[in-house]
Amino acid sequence: MIGIAVNVLLSILKIIVGTVSGSIAIILDAVNNLSDTASGVITLVGAKLAGKEPDKKHPFGHGRIEYFSALIISLIVLYAGVTSLEESVSGILHPEIPSYTTTSLIIIAIAIAVKIALGKYFVAVGKRVDSNSLVNSGKDATLDSVISFSTLVAAIIYVFSSISLEAYLGAIISLIIIKSGCDMMRETLSRLLGERVDADMAKAIGKTIMEFPTVHGVYDLVLHDYGPDSYQGSVHIEVPDTCSANELDNLIRTITIAVYEKHHVLLTAVGVYSINTVDEEIIRIREKISNTALSYDYITQIHGFYLDREQKTIRLDLVVSFDAKNRRAVFDEVQATIQKKFPEYQINMAMDTDFISS
């Protein structure tokens, strides 16, 4: 709301100054402020809609609306850059002689200071509340201050030398705005598509789960982003094969509560890998298989190991790095090697993905 009010005021002042002085650059700057007003309205509406409670049709809430509003803002910035480039090129081809006054230059200087302050404020608040829309609006406001400053420099140069550079400066600035709009769009689309979870967050969640003595390993953490600070996901834990169903149920419930309280992440599913902890020979076999698998390039992790003597089966998951040119070929080769070393067992392996660091 502060941004909307400020941009409306600045656009009115700049339209007056631009019209009186005959400056294309100042009028374009005023139009840019009007586009910022539209961005502010979209941000405000998007934030309100994103905060709606979950309903029957959208049980995961409406947080992703925030990303769509950020995308619209990036399109507005891109459009502003393209239109200002058109006007600047027109000014180069058909130059007009501006007429600046001391008052108009003072107004431009004030606008620069206001836009710098507004940009910093938006970015700071946007980062604090994890709002892409506000951060994008802050970047846009910072760009506006650059535009206004360039306009001021061009005006001062014209006043002292009668050389008009504003159309050329406008063209350069327009290209910067277009690039900024493209960067904003790419960043927002990346979040909409689903980005890798922040490694620090993943490590923190894993550390919290590993604080439980019964848990021997944490794997396969998958988090889904349903809007800023709204994560739901699943994880696998390794526990001794001696745990009872009641012990597991209590452990999973306690882990879910701890992760939500510390990290505001809702684990909707906690899968269990049972590991052999009693039979010493099986433990040695696990170490041999682990060493064999990890000796291969692109195998980053082995987990979910369990050997069943009665059924003569060994089950495990192998994490294959995305750096491998052919992940399936690497996996098949490792599986064949392990099967050859332990022909008396049926090797049931699954190729897994590390969604955090691979």
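## Burial and S74

A residue counts as buried when its relative accessible area is under 20%. In this predicted model, S74 has 0% relative accessibility, so S74 counts as buried. S74 lies in helix 3, residues 65-93.

What does S74 touch, leaving aside its neighbours within four places in sequence? The contacts are G181, M184 and M185.

## T151 in helix 5

T151 belongs to helix 5, which covers residues 132-161. Its relative accessibility is 6%, and therefore T151 counts as buried. T151 and I4 are 147 residues apart along the chain. Their C-alpha atoms are separated by 22 Å.

## Helix 8

Helix 8 runs over residues 245-263.

The buried residues of helix 8 are L248, L251, I255, T256, A258, V259 and H263. An α-helix has 3.6 residues a turn, so residues three or four places apart point the same way. H264 follows helix 8 and has a positive phi, near 55°.

## Helix 9

Helix 9 covers residues 280-294. At its start, a side-chain oxygen of D279 comes to within 2.9 Å of the backbone nitrogen of E281. With 15 residues at 1.5 Å each, helix 9 should span 21 Å. Its end C-alpha atoms are 21 Å apart, which agrees.

Which residues of helix 9 are buried? They are I282, I283, I285, I289, S290, T292 and A293. The cover over these buried residues includes strand 4 (299-308), strand 5 (313-320) and helix 10.

## Helix 9 against helix 10

Two packed helices are described by the angle between their axes and the distance between the axes. For helix 9 and helix 10 (residues 327-341), the axes come within 10 Å. They cross at roughly 145°. The crossing is right-handed.

Which residues make this contact? Helix 9 supplies I289, T292 and A293. Helix 10 supplies V334, T337, I338 and K341. By type, the contact residues divide into four nonpolar, two polar and one charged. I289, T292 and A293 are also listed among the buried residues of helix 9.

Most residues other than glycine have a negative phi. D220 is not a glycine, yet its phi is positive, about 55°. D220 lies in strand 1, residues 217-225. Its relative accessibility is 15%, so D220 counts as buried.

K312 also is a residue other than glycine with a positive phi, near 55°. K312 is found in the loop between strand 4 and strand 5. Is K312 buried or partly exposed? At 40% relative accessibility, K312 counts as partly exposed, because that class lies between the 20% limit for buried and the 50% limit for exposed.

Terms used. Residues numbered from 1 in each chain as written. Predicted model: local features only at pLDDT ≥ 70, side-chain atom pairs only at ≥ 80, totals over all residues. Heavy atoms only, no water. Axes fitted to C-alpha atoms, helices over the stretch in contact; angles between N-to-C directions. Helix = DSSP H or I, 4+ residues; strand = E, 2+ residues; numbered from the N terminus. Left-handed = near helix turned anticlockwise from the far one by under 90°. Contact = heavy atoms within 4.5 Å. Nonpolar A, V, L, I, M, F, W, Y, C, P; charged D, E, K, R; others polar. Expected span 1.5 Å × (residues − 1). Buried < 20%, exposed > 50% of the residue type's maximum accessible area, 1.4 Å probe, protein only. Polar contact = N/O pair within 3.5 Å; in protein donor to acceptor, adjacent residues only side chain to side chain.
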